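The sequence and structure come first.

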Amino acid sequence: MARKKQSRGECKFCSREMTKGGLTRHFSKCAKYLEAIEEADKKRGKKQKIYHVQIQDAWQKDFWLHLEMEDSADLEDLDAYLRSIWLECCGHLSQFSTGGWGDEIPMNTPIKNLFQKGLKLTHIYDFGSSSETLVKVIGEREGKPLTKYPIFLMARNKLPEVACIECKQKASWLCMECMYEYEEPGFLCDKHAENHPHENYGEPVPLMNSPRVGICGYDGPAEPPY
Ligand SMILES: [Zn+2]
Ligand SMILES: [Zn+2]
Ligand SMILES: [Zn+2]
Ligand SMILES: [Zn+2]
């Protein structure tokens, strides 16, 4: 999915729209975010380490997430989150590892035993038609979590806009036969998806905000679990 412009996403706190890298720099200065942290810290409960984690698809860099994870979470929480928001199609195996496909780290590993600023992990979902996700710990703070859940979504990319291969209008469908057999991008608008001639890979599938669209039987919904 080659594109000229980098995808952008909205800061959950102040709604400003930025690139992935822009957001990385933004959070430490976002007044709304700092306010939210201050509010959370007034609540009961004890302070803990909270990690700022940046996630991106290994090959399609336009798909990314900024997350906060509290240190009582384990890798299984992150695996479940990635499955919900991006990956789950038919219950394939998955693993976390350091250094690409090697050195598997058990799913029940508490992140407090593992995470530190600068840590990079690879997540693989499905060892056949695999989806590879890069996980990078880019910061940490001492405080109270913003949510009762182990993970808080700070930002995600908006669905990148792509053009129909027939008419250059906005596409909302993907033909997998174009992609796999003819090495075309296979993006189609509503009109051209209707009478598209290919059917060897089934009907065109709807484009969704997930890097797994077009892989295995993925059909969404590409929504966060919480
Ligand atoms: Zn902001
Ligand atoms: Zn599958
Ligand atoms: Zn079209
Ligand atoms: Zn096609």
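Predicted model: local features only at pLDDT ≥ 70, side-chain atom pairs only at ≥ 80, totals over all residues.

Strand β10 covers residues 173-174 and pairs with β11 in the antiparallel sense over 2 bridges. L174 has F187 of β11 as its bridge partner.

## Two domains

The chain divides into domain 1, residues 8-156, and domain 2, residues 161-217. Taken over C-alpha atoms, the centres of the two domains are 30 Å apart.

Contact between them involves 10 residues of domain 1 and 6 residues of domain 2. On the domain 1 side, the touching residues are 5 nonpolar, 3 polar and 2 charged.

In soluble globular proteins, nonpolar side chains tend to be buried together. The largest nonpolar core here has 30 residues, and L67, M69 and I151 have the most contacts inside it. Two or more residues each come from β3 (48-57), β4 (64-70), α3 (75-87), β7 (120-125) and β9 (151-156). The largest share, 7 residues, is that of α3.

Beyond its neighbours within four places in sequence, M69 is in contact with Y51, V53, L78, I111, P150 and I151. Another core, of 10 residues, lies apart from the largest one and includes A171, F187, L188 and V213. F187 is also the bridge partner of L174.

Definitions and conventions: Residues numbered from 1 in each chain as written. Chains lettered and ligands numbered in written order. Domains from an automatic or database assignment. Contact = placed C-beta atoms within 7 Å. Nonpolar A, V, L, I, M, F, W, Y, C, P; charged D, E, K, R; others polar. Pairing = 2+ DSSP bridges. Helix = DSSP H or I, 4+ residues; strand = E, 2+ residues; numbered from the N terminus. Core = buried A, V, L, I, M, F, W, Y, C linked by C-beta atoms within 7 Å. Buried ≥ 20, exposed ≤ 12 C-beta atoms within 10 Å, placed from the backbone.
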